[in-house]
Amino acid sequence: IANDLDGVLAEFDRVIGLSRLRAVHLNDSKNPLGSRRDRHEKIGCGAIGKDAFRRIVNHPALRALPFYLETPQEDIGGYAQEIAMLKAMREDER
C-alpha cells in the first residue's frame, strides 16, 4: 500500500471487487513489509508513513468509505489527534 496503492486496489478489485469494499481499516505498521508481523503503530509513525495515508484518504475509490482506526493509544486523546491529522490530509477539508 505504501508504494503501490493503485496496484493493491486493482488486485483487490480483480479478486474481490471494489464494489464489495465497505470500509477501510487504518493503522500504520511497526514492522516493514514482508516481516510477517502485524504490529500496529500510530498513523504516520510507522513503516507505512504519512504520505501513504494522504494518498489513501484522498483516493477516489476510497474517499467515500468509512475509515476505522486500530492503533495503539496510551490515552483516549490520541485517537482525536490521529483523526484530526487524517482529516487535515483530506484535500476537500482544506
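This is a predicted model: local features need pLDDT of at least 70, side-chain atom pairs count only at pLDDT 80 or more; totals for chains, interfaces and linings use all residues.
Arg14 is exposed, I find, with a relative accessible area of 61%.

**Entry 1: salt bridges**

I started from Arg14 and looked for its partner. Arg14 forms a salt bridge with Glu11, and the closest N and O atoms are 2.7 Å apart. Both residues sit in helix 1, three residues apart, about one turn of the helix. I note the general point here: an α-helix has 3.6 residues a turn, so residues three or four places apart point the same way. Glu11 is partly exposed, at 40% relative accessible area.

How many salt bridges does the count come to? I get two. The other pairing I looked up is Glu41 with Lys30, whose side chains meet at 3.4 Å, N to O. This pair links distant parts of the chain, 11 residues apart: Glu41 is in strand 3 (residues 40–41), and Lys30 is in the loop between strand 2 (28–29) and strand 3. Is Glu41 buried or exposed? Glu41 counts as buried, because its relative accessibility is 17% and the cut-off for buried is under 20%.

**Entry 2: the largest pocket**

The largest pocket holds about 710 Å³. I count 28 residues in its lining, and the closest to the centre are Ile1, Ala2, Asn27, Ile48 and Ile56. Which elements each supply at least two lining residues? They are helix 1 (5–15), strand 1 (24–26) and helix 2 (50–58). Helix 1 gives the largest share, four residues. So helix 1, where I had already placed Glu11 and Arg14, turns up again here. By class, I have 17 nonpolar, eight polar and three charged residues in this lining.

**Entry 3: the second largest pocket**

I then checked the second largest pocket, with about 190 Å³ of space. Its lining has 10 residues, and Val57, Phe67, Ile83, Leu86 and Lys87 are the closest to the centre. Strand 4 (67–69) and helix 3 (77–89) are the elements that give two or more residues to this lining.

**Entry 4: helix 3**

Helix 3 has 13 residues and reaches 19 Å from first C-alpha to last, close to the 18 Å expected at 1.5 Å a residue. Which of its residues are buried? I list Gly78, Glu82, Leu86 and Met89. They are on the same side of helix 3, because they cover an arc of only 70° around the axis. On the other side, Gln81 and Lys87 are exposed. Leu86 and Lys87 are both among the residues closest to the centre of the second largest pocket, though Leu86 is buried and Lys87 is exposed.

**Entry 5: Gly17**

Last, I looked up a loop glycine. Gly17 is in the loop between helix 1 and strand 1. Gly17 is buried, with a relative accessible area of 10%. How far apart are Gly17 and Met85 in space? I get 29 Å, C-alpha to C-alpha, for two residues that are 68 residues apart in sequence.

How values were computed. Residues are numbered from 1 along each chain as its sequence is written. Side-chain values use heavy atoms; hydrogens and water are left out. On a 1 Å grid over the protein atoms alone, a cavity is a set of points where a 1.4 Å probe fits but cannot get out, and a pocket is an open set with protein on both sides within 12 Å along at least five of seven lines; lining residues have an atom within 4 Å of a point. Grid points are joined across faces, edges and corners, and a volume is the space filled by probe spheres set on the points. Ala, Val, Leu, Ile, Met, Phe, Trp, Tyr, Cys and Pro count as nonpolar, Asp, Glu, Lys and Arg as charged, and the others, Gly among them, as polar. A salt bridge is a side-chain nitrogen of Lys or Arg within 4 Å of a carboxyl oxygen of Asp or Glu. Buried means under 20% relative accessible area, exposed over 50%, partly exposed in between (1.4 Å probe, protein chains only). The expected span of a helix is 1.5 Å times one less than its number of residues. The arc is that of the directions from the helix axis to the C-beta atoms.
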